[in-house]
Amino acid sequence: MSAPAALRTAFLALCAVDLVALLADVHAVHVAVKPLLMLVLLAHVIARGGPRLLCGAVLFGWGGDVLLLFDDDLAFLAGMGSFAAGHVCYLLLFKRLGTPRARGTMLGVVYCVVLVNTVAALWPDLPADLRIPVAAYSVLLTAMAYGSSRLGKVAGIGGALFLLSDTLIAMGVAEWPALPRPDFWVMLTYVAAQYLLVQGALEERTTHGAAYGEERAETRPTPH
């Protein structure tokens with residue numbers, strides 16, 4: 001088994017352990033495993049020769065994961081800031097690698113409607129000091145989710161799941177009624193989102209690089 005494949009398998013195995021721990025309410029295992037998830041995924045990206053912006057996005061995700069383990073408003077804001085930096089990395093990566101997709105305008109309208117309605121619904125129930133930060137973060141998160149469609153269906157689904165995961169967190173902060181084991185659903189959608197975004201970006205980079213190589217080959221002067 002190659003190093004990238006072994007690291008991907010390790011990441012998926014750790015995700016399974018973490019999700020089972022959340023279902024079984026074994027908090028100590030979750031605390032031990034969660035900080036490892038993005039580090040292993042980052043190692044997978046590096047082993048695949050992934051771009052720096054992708055590495056940065058995953059690394060900032062790790063920072064957010066660690067900070068959100070602390071039950072503290074300051075840590076929550078810092079974690080949100082770390083994830084926001086990761087979304088900026090993703091957006092820059094989408095601009096560099098991605099291509100416009102069909103029905104992009106309609107998708108953008110859908111995401112705008114979701115953003116406005118979600119923020120408007122959550123606003124009254126959010127703590128006053130978190131309303132503006134959560135709203136600003138939601139704009140950036142929604143832009144990332146929309147932009148992910150530039151890398152194709154796999155990354156696009158990943159972006160949508162990231163939006164869903166963080167919306168579930170915001171609903172918890174607003175103390176809305178939640179599904180049983182809400183942390184399980186947050187982590188399930190989150191790890192799936194990061195994995196799909198990474199795979200979509202790596203696949204698009206391979207295609208992009210191959211196309212660039214073909215273009216250079218076609219324009220290279222032939223010897224006489």
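Residues are numbered from 1 along each chain as its sequence is written, and side-chain values use heavy atoms, with hydrogens and water left out. Because the model is predicted, local features need pLDDT of at least 70 and side-chain atom pairs count only at pLDDT 80 or more, while totals for chains, interfaces and linings use all residues.

The structure holds one salt bridge (a side-chain nitrogen of Lys or Arg within 4 Å of a carboxyl oxygen of Asp or Glu). Its partners are Asp25 and Arg181, whose closest N and O atoms are 3.9 Å apart. Asp25 sits in the loop between helix 1 (3-23) and helix 2 (27-47), and Arg181 in the loop between helix 7 and helix 8 (182-219), so the pair ties together parts that are 156 residues apart in sequence. Helices here are DSSP runs (H or I, at least four residues), numbered from the N terminus. Asp25 is exposed, at 53% relative accessible area, whereas Arg181 is partly exposed, at 39% (buried means under 20%, exposed over 50%, partly exposed in between, with a 1.4 Å probe and protein chains only). The backbone deserves a look too: most residues other than glycine have a negative phi. Asp25, however, has a positive phi of about 60°, and Arg181 has a positive phi of about 55°.

Asp166 is buried yet has no salt bridge, and the nearest side chain of opposite charge, Lys34, is 9.3 Å away (Lys and Arg count as positive and Asp and Glu as negative; His and the chain ends are not counted). Beyond its neighbours within four places in sequence, Asp166 is in contact with His87, Tyr137 and Leu141, contact meaning heavy atoms within 4.5 Å.

Helix 7 also packs with helix 5 (residues 104-122): their axes come within 11 Å and cross at roughly 10°. Axes are lines fitted to C-alpha atoms over the stretch in contact, with angles from 0 to 180 degrees between N-to-C directions. The two helices are therefore roughly parallel to each other, a term for angles under 35 degrees. Helix 5 contributes Tyr111, Val114, Thr118 and Leu122 to the contact, and helix 7 contributes Gly156, Ala160, Leu163, Thr167, Ala170 and Met171.

Definitions and conventions: Parallel < 35°, antiparallel > 145°, perpendicular 65-115°, else oblique.
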